[in-house]
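Subject: Model handover

Hello,

Here is the structure for your set. My notes follow below it.

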Amino acid sequence: PNSTATARRSTGGAPPPSVVVLSSADNPALAHAPLDAAELLIGHDLESLLAHGDKLRRAEALLWVPPTPPPVLRALLVEGHAPAVRWCHGFYAGVDPIAAIAREVLLPAGIPLSNGRGAFSSSLAEYALMAALHFNKQVARCQQNRRERRWDKFEMSVLRGQTLGLLGFGDIAQHVARLGKAFGMRVVCLRPRLPTRSSPLYTAVGPV
């Protein structure tokens, strides 16, 4: 079923802008949607989106939230169901799944595409260090010992002095590098082009 989240503006009589949201209504990503700023027209397929009727045709912005299939986005635009859209935004940093749509549909129509670069960098960096600590501290072994009520004496390794390897150095990798440095790790980054200046965060290596 389609879903509409209506904004409530405290000032002015103008209706709030409408934003098409390509997502299921129960997606946790929408938990903090700014309902005080816009009317969200939510749908996960073409049928649920078309159920918004004239509101869909008046919508000025579009938000694509994976895992909504890219063909839904293409059909929405190519078939003229949202002719007033002037801006498209990808929820995550990566927009590879809709890159062809950006080239073939958005660019010719003059519709800019933005992404969520930086929105999840801190969270993912913490996850990366959590994973490193998980294996270095043998958390699974500790949990098994706890279940078996067994005192298993073993040596835990530390992150300090170990090498943290990064493929690329985008915003997420930069956040990971900072946390790695804070743990005393040696950070090595593989970059397609070597930087002209050294960085205090990492040692750069070129393509192999």
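In which helix does Ser48 lie? Ser48 is in H1, residues 46-50. Helices here are DSSP runs of H or I with at least four residues, strands are E runs of at least two, and both are numbered from the N terminus.

First, the basis. This is a predicted model, where local features need pLDDT of at least 70, side-chain atom pairs count only at pLDDT 80 or more, and totals for chains, interfaces and linings use all residues. Residues are numbered from 1 along each chain as its sequence is written, and side-chain values use heavy atoms, with hydrogens and water left out.

Ser48 counts as buried because its relative accessibility is 5%. Buried means under 20% relative accessible area (1.4 Å probe, protein chains only). The Ser48 side chain also makes a polar contact of 2.7 Å with that of Asp45. For such a contact, N or O atoms pair within 3.5 Å, one able to donate a hydrogen and the other to accept it; sequence neighbours count only through side-chain atoms on both sides.

Next, H3 (residues 70-78). Its buried residues are Val72, Leu73, Ala75, Leu76 and Leu77. They pack against H1, H2 (54-58), H4 (99-109) and strands E2 (18-22) and E4 (61-64). Contact means heavy atoms within 4.5 Å. Gly80 follows H3, with a positive phi near 75°.

Last, a helix pair. H5 (residues 121-136) packs on H7 (residues 171-182) at about 50°, axes 8 Å apart. Axes are lines fitted to C-alpha atoms over the stretch in contact, and angles run from 0 to 180 degrees between N-to-C directions.

Best wishes

Definitions and conventions:
Buried means under 20% relative accessible area, exposed over 50%, partly exposed in between (1.4 Å probe, protein chains only).
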